[in-house]
Amino acid sequence: MDKIANQEKITIRYIRNKDHHDVMYAAAASPDDKVYFALCAEVGFAGAFAQLVCYDPATDTVKDVADLAEVIDYPPEDRLRHPHSKIHTSMCFTPGGKLIAATHMTAPPVGEDSYHYWNVTNDPERKFRGSHLITYNPENGHTEDLGIVVPNGGARWMTYNPEREEVYITGFLRCHFYSFSLKTGELKDHGRIAEHDFLGPCYCPADGRVYTSDSQGNFLRFTPETGKIEQLPLGIPDDFWASHNGRGIFNLLPSRDGKKLYGTTWMTHHIFEYDPLNGKFGSMRDLGTLGNEIATPDHYADKRFFPRMLVTGHDNNLYFAGYNAVPSKRIPPHIFKLNPETLEQQDLGRIQVDGFTNLGVVASACCTSDGTLYFGGERTGKVEALSFFIYNEKGVDKKPEASFADCKTENNPNISLLSPTAERYHEITRTDNQVFIKQGTLIVQEEGMSGTTPLIPRQAGRISALAQDPQSGVILGTTHGEIPRFFVYHPDVRFFQSLNTFGKCGEESRSLVMTDNGKLYFGTYGMGEGALYEYDTGINQSAFNFHKRTDRGEFMKYYPMPSDKLKNIRNLGTPEQGQGIGRLTILNGTIFGMTAPGGDLFSYDPATERFKMFPCFDQWIMEKQNIPGVLFTFGSKIYFNGHHGHIIVFDPQTESFADTGMKVPCGAGREYLTTINCAVSAGDGIFYCGTNADGILFRLDLHARRVFSLGRPVSENNIRALAYNRDHVLWGISGLDEDVCHLFRYTPEEGFSDEGIMRSRMPKTWIIHRADVMLTGLDGEIFIGENDDISHLAVFYPPVRPCTTL
């Protein structure tokens with residue numbers, strides 16, 4: 001099972017004097033059969049930039065092509081940022097022979113000794129500015145930097161469309177799908193497609209589309225002409241019992257004739273063939289696994305090889321560099337050959353030259369037109385030089401080079417090979433170095449029930465408002481992104497169902513308020529004239545309780561579509577012609593709201609079904625950026641922020657406005673930017689409020705008419721949402737749209753605590769990048785509405801606080 005390769009067919013070459021690189025993550029053969037490698041730096045090489053080298057098989061020589069430190073501008077003010085230390089499986093050639101590559105990062109900045117990208121992703125001085133696209137022209141030796149193609153992120157996978165002269169990238173960290181035109185320089189962000197970015201997109205010449213997958217095993221298709229991403233009704237092959245969590249494509253390449261795609265999977269290492277022209281959605285064929293082990297759920301797949309690198313050979317066979325890391329004794333990389341028609345599989349032996357250390361990990365591979373395979377990997381030791389292996393089934397006439405040691409740390413002050421002490425320092429523990437939430441439990445609920453009730457489509461499910469029906473306990477919510485949708489979620493049986501659409505395409509609904517008789521009200525704005533809508537929860541109590549009655553530990557035979565009564569939403573019209581409706585509140589059974597974009601107050605009386613306007617913008621708000629993000633009530637009055645952060649009060653009895661004399665805290669001179677973005681009641685006239693521009697949390701005591709600035713809970717600006725729990729703990733979410741939001745907590749006794757990035761492990765791995773809604777549930781759980789291209793209703797169960805009294 002671990003036989004060394006035929007020594008007449010394999011040899012080794014070293015890339016000398018590259019002290020500050022330890023792995024080659026990209027390899028590509030040019031149209032004239034020269035082989036290019038990207039020399040990359042991992043964690044142990046602070047401040048290192050990637051380099052390109054070219055191997056000429058005809059002369060058996062290696063030459064330097066480009067040093068990205070000389071290509072990409074890296075001014076002194078950027079020295080706290082991760083350098084462009086990699087070109088990571090994102091290098092290809094145009095038909096004319098020009099090389100295209102996208103950069104990535106892992107090496108720390110100079111003076112640091114470990115990779116901390118998640119930890120600094122919101123830090124304006126330290127975060128990576130973004131992957132650059134570079135081109136190299138072998139005819140004149142010119143290398144050009146085309147600028148950033150993944151804003152604030154890296155690029156580990158890229159593909160090229162020669163017909164449109166475009167590249168397509170799945171960006172690191174946020175997992176957005178990008179297209180970039182080499183002709184016009186236009187960059188388009190097509191939104192988030194998955195949880196992780198190891199989903200190499202691939203251009204298919206047969207139909208001119210681009211294919212990839214999400215992190216749940218669904219196959220995705222991108223049409224460049226329309227910019228549309230589709231989830232196809234077929235999945236990538238897998239073991240029948242395998243979890244969907246983390247399923248995705250690892251490699252994906254076109255056949256040499258461009259008619260089919262060949263790929264490998266991320267978790268269970270299946271090989272597959274995709275025919276894009278076989279039917280409306282194409283067809284998928286499972287080609288098995290390396291080693292042909294039939295895995296079962298009761299033991300480890302210890303005889304299966306992970307196909308780390310895939311090469312489509314010029315002889316129409318598939319070649320792999322695969323290793324087996326499952327057994328206690330790791331099996332190093334082997335070369336495998338697979339005939340996709342007959343499924344005949346051959347193990348061509350371990351990638352090793354006799355007398356030399358074997359290659360630990362193969363990180364790059366390519367093939368020249370004569371069938372020669374090239375494999376690049378990591379250093380085989382701390383001082384041995386980078387090497388690549390050459391393999392040809394017909395034989396290789398080049399003798400192995402002598403081992404070459406060149407990694408001398410004393411000659412390069414930027415090198416900081418990670419010591420055991422540094423490794424221990426950066427270990428993630430319960431108390432240290434953890435950037436993700438470490439207290440409480442977070443689960444994510446997809447917007448629907450896969451295989452049972454329809455999911456809200458991608459880019460249509462951004463959750464904008466939540467409310468809980470106190471009688472049945474169901475959560476009701478609205479989404480936006482395309483046409484607004486109205487949904488119901490049953491927390492006790494975890495059942496999510498989209499009920500209906502309302503409003504116009506492009507509108508948003510940002511508030512839900514409920515009267516004592518169970519009528520729910522919400523408005524729309526954003527596309528001209530909006531409307532106020534009414535939903536009756538009272539008449540639907542029986543339908544809400546249906547799932548409780550039928551949940552007896554058994555499976556439902558079917559889940560019926562929502563009845564007309566359950567999905568009925570009533571349009572009540574608009575308070576003012578041409579205006580939409582922003583935030584809402586309720587006072588003594590009357591609905592109050594703010595028009596959008598006009599910024600004037602209105603009321604709606606459910607008994608008479610009449611609107612009434614109370615103009616306030618011109619005198620009390622004045623500028624669009626001061627239109628309040630929330631309305632809240634105390635006693636018999638309504639409060640909101642106005643111009644320059646002044647807190648305004650409206651008395652419905654006298655129909656009059658007044659300045660309370662209180663102001664929203666903000667940075668000096670930044671009143672013109674300030675609004676209250678969110679607020680939550682703590683009882684007895686106490687409200688906790690969060691601001692947008694400066695991200696300040698403050699306590700507003702309406703009984704005493706005093707404002708207490710509590711400061712910024714975390715380093716991120718913009719407090720997006722707040723929730724106050726029955727144990728008197730305040731929870732909040734903070735972060736700009738371009739940030740990955742953080743969860744924080746506050747108590748008067750303990751102050752602020754940054755709880756970190758919201759990552760769920762149940763029922764799947766998912767990191768919430770942005771959320772705008774929090775709601776404390778009847779059982780003390782906190783519901784969080786995600787606002788992203790792929791959104792979830794998250795449920796956070798806060799940690800139980802120690803009992804301090806008997």
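Two strands pair if DSSP finds at least two bridges between them. Strands here are DSSP runs of E, at least two residues, and helices are runs of H or I, at least four, numbered from the N terminus. Hold on to that, and let's start.

This is a predicted model, so local features need pLDDT of at least 70, side-chain atom pairs count only at pLDDT 80 or more, and totals for chains, interfaces and linings use all residues. Residues are numbered from 1 along each chain as its sequence is written, and side-chain values use heavy atoms, with hydrogens and water left out.

Now the pairing. S24 covers residues 331–338, and strand S25 covers residues 345–350. They pair in the antiparallel sense, over five bridges. Between them is a hairpin with six residues, where leucine 343 takes a positive phi near 65°.

Look at the other partner. Strand S23, residues 318–324, also runs antiparallel to S24, joined by six bridges. A hairpin of six residues connects S23 to S24.

Follow one residue across. Which residue in S24 is the bridge partner of phenylalanine 320? It is phenylalanine 336. Phenylalanine 336 also stands opposite aspartate 347 in S25.

How covered is S24? Eight of its eight residues are buried. Buried means under 20% relative accessible area, with exposed over 50% and partly exposed in between, using a 1.4 Å probe and protein chains only.

Next, the cores. A nonpolar core is a set of buried Ala, Val, Leu, Ile, Met, Phe, Trp, Tyr and Cys residues joined through side-chain atoms within 4.5 Å. The largest has 25 residues. Tyr36, Leu52, Leu68, Ile87, Met91 and Leu99 have the most contacts inside it. Several elements give two or more residues to this core, including strand S3 (35–40), helix H1 (68–71) and strand S8 (130–137). S2 gives the most, with four residues.

Zoom in on leucine 68. Contact means heavy atoms within 4.5 Å. Leaving out residues up to four places away in sequence, leucine 68 touches Phe49, Ala50, His84, Ile87, Thr103 and Ile134.

Last, cysteines. A disulfide is a pair of cysteine sulfur atoms within 2.5 Å. The count comes to zero. Cysteine 40 is buried, at 0% relative accessibility. Cysteine 175 is also too far for a bond, since its closest cysteine sulfur, in cysteine 741, is 16 Å away. Cysteine 175 is buried too, at 1%.
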